Amino acid sequence: MPRRLLPLLLLSLPAAAQPAAEPAPEATLPDLVVEAQRAATARQGILARFGSRETTVDRETIEALPGGGAQPLNQVLLQTPGVVQDSFGEVHVRGEHRNLQYRLNGVALPEGLSGFGQVFDARAMRSVGVLTGALPAQSGFRTNAVIELETRSGALDPGGSIGVQGGSRGTIQPYANWAGFLGGWDVFATGTFLRSDQGIENPTSSFTAINGQTQQTRGLAYAARQLDDTTRLSVIAGTSLNRFRIPVTRGVEPESTAFGLSDYDSAALRARQWERSWYGTAALQKSWGDVDVQVAPFIRSSSIHYVPSVVGETVINGVASDVYRGSLAMGMQSDAAWRVAADHTLRAGFQFTGERARFRSATTVLPLDGAGSAIDDPLTLTDRFGRTGWLYGGYVQDEWRLTEAVTLNLGLRWDQMAEYVTAGQLSPRANLVWRASETTTLHAGYARTFTPPASELVSSGTIAQSQGTTGAAPGTQNDPVRPERAHRFDAGVSQKLGENLTLGVDAYYKDVRDLLDFGQFGNALIFTPFNYRQGKIYGVEFSGNWRTERWLAYANLAVSRSAGRDITSAQFTFDPAELTYIAGKYVRTDHDQLLTGSAGAVWKGWEGGRLSASMLYGNGLRKGFANSEKMAAYASFNFGVAQDFEGPDKGIWTARLDLINAFDTVYQLRDGSGIGVGAPQSGLRRTVLAGLSRAF
């Protein structure tokens, strides 16, 4: 562990690591449940959602939709408004690349290195919420959307299950979970293992990818205990360990002669990527009358390691890079809410994070002769560097009820970063909510935001030493990536019609300086952040939700535009002609998609049985020179059926069958062209999954 980060951990642990007091002997199971419910209510009072657009997918819906709890978390998010599907498991919310804050039971986890794999298991969640809009002052650093993950618990979701799900492409996924009470502790634990012949998108439209195998392990444990009538301690620890082979395409012509070879079968390439992530939080929650406080230290370690097929990649591409990037982040978050009066609730808090980022590479290249031709004399260029960065943030806000129908939330946030650059900002926030009637709610908001860049950067030394070889970048300029500064505006209305139907519409506009974006520039799925000097993002979202005792149906449609002008950092990755073109006019970002839709339905049609369906529509991400073209539109449909029954052991069993992309729609997400797009990727072909589980 880096010495510079040790003080953070030592400062963070004492408050949360105090020995837990033994519960009173007379405490009963109902008492523990009531205490847990009271603590959950107090935590929700501390967290500010005011004025945001919130969409929540509960556990019942997650399990009922096609794929059930086995579906990756990004597939759950794609069923919410304004979320766009991209390759490598990436999702884009409201026309942005990343800039998402993940909160686990109210604690904001530091951003880890992102690769192909999912870190969180959907089966572990009690609910998944997406907050968008002009977020209140409590939300900082990652400001486009908050992904609220509520874990299951023994008090609110007792019981467990063990099961297996598998099917097409050699997919097999066993899992187990349990929630209950142990010695006065409220406990939940889950674990899952996945093995499949296709871990990431196929670069071709074939049914099964060549060299596409994956193995993934995820686990999470939660424990909470009431220390006294007003104090509760909760601890969460989790891990995600993923291994991928990188799919390849047949018939790629070699570019060079290396290691005495001028020919190489591209289908024989065997590159691999390892992704590892560990995270943990310890939250101490305390109430003093009208004041609720939560203090939470956190830690997250993540790494990505790409191991090339050295000989083959050097012959075919002229370069083969063994790349490792690691991140260790830890810090503290504190939030408090004070109900000053019936019409005023004050909230305040702070957060700081220290992160040690590490980079190393060993790149096999070929030298170039005077005419620019490769010479068969491979050499290895090595580089390594590290940097420690700091983020600090604090806020204060007042939720002020002007009348019974109108509430105003005013806030002020301060953020400071000391990383590759040093910068800060004081940001005002304001939200107004008007409950015009019992069925109609309108909201409007403004937020000034400050978004630091991620740590996935490339050093100038790495760029300089590759000049004169086949590994040379298009350019050498590498200005530092700067934080994004923006003005956000949001307004919307929610209308309830009758007892079961709710309709909503929300419009947003974002004016940006130093718009942050990411690109993949190489075989390793490691992104490089860069800035557009100016950016504009705007759109409208429509949603509908109908729920009865037997039915759940929803539909979402989003219209969005995302554009930037003049790339001002990490310029070495771009073709000079493209840089010149972008400097003079606005261009669409590579993740811009004009129309995005999702819909789904669940029908509980008979005793213990249910049918489900879901769909995704996209009219195409951007491609071509300076993102001047777009991919073809597509729509994919999924169906599922599940049945509960009593087994021979008198236990409750569930059998399910799911069809993913049921009509076997063939479509491309990417064709390998566009700003920051590294390779083609096609959508998943028809997949059949069957599962059997036993509840206990």
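Which element gives the largest share of the lining of the largest cavity? Strand β11 does, with three residues. The points below take up this cavity and other features of the model.

1. Basis of the note. The model is predicted; local features need pLDDT of at least 70, side-chain atom pairs count only at pLDDT 80 or more, and totals for chains, interfaces and linings use all residues. Residues are numbered from 1 along each chain as its sequence is written, and side-chain values use heavy atoms, with hydrogens and water left out.

2. Cavities. Rolling a probe the size of a water molecule over the atoms shows where empty space is left. On a 1 Å grid over the protein atoms alone, a cavity is a set of points where a 1.4 Å probe fits but cannot get out. Grid points are joined across faces, edges and corners, and a volume is the space filled by probe spheres set on the points. The structure holds 14 cavities of 30 Å³ or more, and the largest cavity has about 1000 Å³ of space. The largest cavity is lined by 45 residues (those with an atom within 4 Å of a point), and Pro-72, Asn-74, Gln-75, Ile-660 and Leu-684 are the closest to its centre.

3. Make-up of the cavity lining. Two or more lining residues come from each of α4 (73-77), β9 (171-182), β10, β11, β27 (609-618), β30 and β34 (687-695). Helices (H or I, at least four residues) and strands (E, at least two) are DSSP runs, numbered from the N terminus. The lining of the largest cavity divides into 16 nonpolar, 25 polar and four charged residues. In this division Ala, Val, Leu, Ile, Met, Phe, Trp, Tyr, Cys and Pro count as nonpolar, Asp, Glu, Lys and Arg as charged, and the others, Gly among them, as polar.

4. The second largest pocket. A pocket is an open set of grid points with protein on both sides within 12 Å along at least five of seven lines. The second largest pocket contains about 1300 Å³ of space. Its lining numbers 48 residues, and Arg-53, Glu-54, Thr-55, Ser-494 and Thr-502 lie nearest its centre. Strand β1 supplies the largest share of this lining, six residues. Among the other strands that each supply at least two are β17 (379-401), β22 (501-520) and β24 (551-567). The lining of the second largest pocket comprises 13 nonpolar, 21 polar and 14 charged residues.

5. Salt bridges. A salt bridge is a side-chain nitrogen of Lys or Arg within 4 Å of a carboxyl oxygen of Asp or Glu, and by this rule the count comes to 30. Arg-103 pairs with Glu-148, the closest N and O atoms being 3.0 Å apart. This pair links distant parts of the chain, with Arg-103 in strand β4 and Glu-148 in strand β7, 45 residues apart. Arg-103 is buried (under 20% relative accessible area; exposed is over 50%, partly exposed in between, with a 1.4 Å probe and protein chains only), at 3% relative accessibility. Glu-148 is likewise buried, at 3%. By contrast, Lys-650 and Glu-646, whose salt bridge spans 3.8 Å from N to O, are both exposed.

6. Asp-664 and Arg-685 form a salt bridge with the closest N and O atoms 2.7 Å apart. Asp-664 lies in the loop between β31 and β32 and Arg-685 in the loop between β33 and β34, so the pair ties together parts 21 residues apart in sequence. Both residues are buried. Separately, salt bridges that share partners join Arg-53, Arg-94, Asp-490, Asp-506 and Glu-541 into one network.

7. Backbone points. Most residues other than glycine have a negative phi. Arg-98, not a glycine, has a positive phi of about 60°; Arg-98 is found in the loop between β3 and β4 and is buried, with a relative accessible area of 6%. Asn-211 also has a positive phi, near 60°. Asn-211 lies in the loop between β10 and β11 and is buried, with a relative accessible area of 6%.

8. Surface patch. A nonpolar patch on the surface, with about 1000 Å² of accessible area together, includes Trp-546, Phe-637 and Val-688. Patches are made of residues with over 30% relative accessible area and no salt bridge; like charges are joined within 9 Å and nonpolar side chains (Val, Leu, Ile, Met, Phe, Trp, Tyr) within 5 Å. Areas come from the Shrake-Rupley method with a 1.4 Å probe, and for residues only the protein chains shown count as cover. Strand β30 gives the largest share of the patch, three residues. Phe-637 lies in β30 and is partly exposed, with a relative accessible area of 31%.
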